[in-house]
Amino acid sequence: MEHNSTFPIKQNELDMLRDEATSYIKSIQWEQGQRAKNKDKDAKDESILLYLSRAKGNGGVEVTSVSKTILELKKRLLPESIAIPLKLNQTLFAVQEGITLGIWIKDSFYDASGLSSLSENKSALDNSGKREYESKMQTATAFMLFATAYKILHDLKTVASDDLSVMKNKFAGIPEVSLMSPLKGISCALFYYDKYLGHPEIIKSDKDVIDFTVVYFEALIAEIQMRKSSLEYTETVTDRTYKLENSDFAVSGWDNVFQGAAKSVEFNKIQFEQIVGNRDAKHFARRLTERMLSYDFEAKKNPFQELGGFMPVFMGYGIPGTGKSMLIAAIATRLKEHCDNLDIPFLFHPMPDTLISTFQGGSAEKMVDWMKPLGDPSKLIFAPIDDAENNLQERTAQGVSAGVKEVIGVFLRYTEGAYAVNYGNSSIGLFTNLPEMLDKAVISRVQGRFKIDGARTEHDFLDQDHLWWRKLDKTMPDFVNMQGPSDYEYLQDQGLAKNMGEILNVSDKPTEERVLEAYDKIEKQYKSTDHLFYANLYKEIQKIFPFFSSRDVRNIQSAVSLRLTDFDLEKDWFENPDIYFKKDYDTKFNMLQELMRGNMKGLDFSEIRRQEVVRYLDNVATIADTDFKRKVDARVNQLNIDLEAREQFGKGD
């Protein structure tokens, strides 16, 4: 749903609620529900869940104090220090600010939804009025807890550890979440938060306090997300955005930009030199990183978009085992290193494997959750989809699940159409061994494509082996008793190309028969330097491949633009960011135009256009053919198996 109105959250209004928030941190009361108490009774004594469910004394109401627990943690972890140490203080402050904001959001919902007047006349309500009152109370509580947790994440995510998997493994979930009333909701949430903080296994250092707080409030958001479908009267939650003044924090319905996204996913660091062959792919990846880094955070746009050299969606394809996953890691590594160097926030945001859901509508919701963060203009985002044929498979194929159709629907909506906003800061990469299995509409969104073909030359294979045996050579010199080549230095071919021209062993003509036939036919009527040559070639191609459309023509145009912007950024721009990266948008744009002009002097437009058309059309044909060929091969294979089986059966008779 599009949010249509934005309301400010004013700091001075929050100031008035802070005392109430502090009182919750100092002391709350909670009586555990039976189910939470009985959870995991048979587990071993050390079980964290059991610890959580053991109320003091004989059940009944228990009073807990988060601030007291944090003081005790300070004594246990840092007995020498006099003041409350930074990380504990930061956490306490974030929780207090989160609750303050949650209370504000709750009050706002009370007024907007008519809950205020219901609670004033509570005694006079009839049955349907009571039901409405209870229902709105639950929504108010859920929204308050959501906003509280969301604000805490906003404040602590950036200071928490990159990898929270160890903490997540220790965490045993939240035994119960109460949405009965705002007071009960916050008391219940703080009760278990406090219990965990007091558990010696969970918190081993002051850093753990921040990490645990993030894990806990992420889990609280997940619990609320799970229940949001059962809440009523949520219009006043979902139809507006609340923005905190003097801050980039905003609550927009139940949207959670942190969902699996706010923190980059961990990846193995890989340099391009460690990838053998794949010149096309490496060159493309390098250009992609340089272009993304040119994004201007002030202007929220990228000069390369104006020059026509930016690709919001690209595709790398090739046979299995040629290094797709390594390439994804290498792009991420290169972006991360430059971003760290330039002090730019970077998000590595791969599509999760678990996207397709068996529930109706579940996949679409997960896909929206995954695609939403790509619209965040405050960081550079690289979003690879590995084995893209799994989630974006041709929709008309037999047996394609409803989930795949939902995912493709969302993908198309967010990559072009009303929802598609690309500031030039994020790029989605499809990586696949089977491009012919991808949905045609998805493929037509792809604006840049390259082959991932692995080792191809004698030197490539030499280098691939060298990367393997040099480890042995390091640990045991002289053990690898073999002769190296005399005229080649290892890895010298694995560097990056200067431009696409170096890589393209451009064939003058298409290699695919039907395309070649069309090409020759039109060449008899027009020269390839005539504009009419292409207009007629496209018309001819459309007769052979009915799915060839004006979208394909646009893709060819962007491929030509990519070649025109196929120049290196100056080396000293990276060494000294002030020269280029830190400049304002217009300056950057002018500097790039200078480079582009210089680069174009050596290029011939009509020749580049011809090369790119030939490349693209061959590509379209290969993808269309492979699909057919694969079906034929599978059928032939099956017939051969049947034949062999009959023969063996005959012999055994």
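Author: A residue counts as buried when its relative accessible area is under 20%, and as exposed when that area is over 50%. Keep in mind that this is a predicted model.

Reader: Is Met596 buried or exposed?

Author: Met596 sits in helix α25, which covers residues 585-600. Its relative accessibility is 11%. The cut-off for burial is under 20%, so Met596 counts as buried.

Reader: Which residues does Met596 touch, not counting those up to four places away in sequence?

Author: Arg76 is 520 residues from Met596 along the chain, and the C-alpha atoms of the two are separated by 62 Å. With sequence neighbours up to four places away left out, the residues that Met596 touches are Leu307, Leu564, Thr565 and Phe567.

Reader: Which residues touch the most other members of the largest nonpolar core?

Author: That core has 76 residues. Helix α8, residues 127-156, gives the largest share of it, with 14 residues. Another core, of 49 residues, lies apart from it and includes Ile331 and Phe450. In the largest core, the residues touching the most other members are Phe212 and Tyr216.

Reader: Which residues does Tyr216 touch beyond four places in sequence?

Author: Tyr216 belongs to the largest nonpolar core. Leaving out residues up to four places away, its contacts are Phe171, Ile174, Cys188, Ala189, Tyr192, Tyr193 and Tyr196.

Reader: With which side chain does the side chain of Thr213 make a polar contact?

Author: Thr213 lies in helix α11, residues 206-227. Its relative accessible area is 0%, so Thr213 is buried. Not counting residues up to four places away, Thr213 touches Thr91, Val95, Ile152, Leu156 and Tyr193. The polar contact, at 2.8 Å, is with the side chain of Tyr193.

Reader: How far apart do the centres of the positive and negative side chains lie?

Author: The protein chain has 84 positive side chains and 99 negative ones. Taken as two sets, their centres lie apart by 3 Å.

Reader: What percentage of contacts with a separation of 6 or more comes from residues 24 or more positions apart?

Author: The count takes in contacts in the protein chain with a separation of 6 or more. Of these, residues 24 or more positions apart account for 80%.

How values were computed:
Residues are numbered from 1 along each chain as its sequence is written. This is a predicted model: local features need pLDDT of at least 70, side-chain atom pairs count only at pLDDT 80 or more; totals for chains, interfaces and linings use all residues. Side-chain values use heavy atoms; hydrogens and water are left out. A nonpolar core is a set of buried Ala, Val, Leu, Ile, Met, Phe, Trp, Tyr and Cys residues joined through side-chain atoms within 4.5 Å. Buried means under 20% relative accessible area, exposed over 50%, partly exposed in between (1.4 Å probe, protein chains only). Helices (H or I, at least four residues) and strands (E, at least two) are DSSP runs, numbered from the N terminus. Contact means heavy atoms within 4.5 Å. A polar contact is a pair of N or O atoms within 3.5 Å; within protein, one must be able to donate a hydrogen and the other to accept it, and residues adjacent in sequence count only if both atoms are side-chain atoms. Lys and Arg count as positive and Asp and Glu as negative; His and the chain ends are not counted. The place of a charge is taken as NZ of Lys, CZ of Arg, CG of Asp or CD of Glu.
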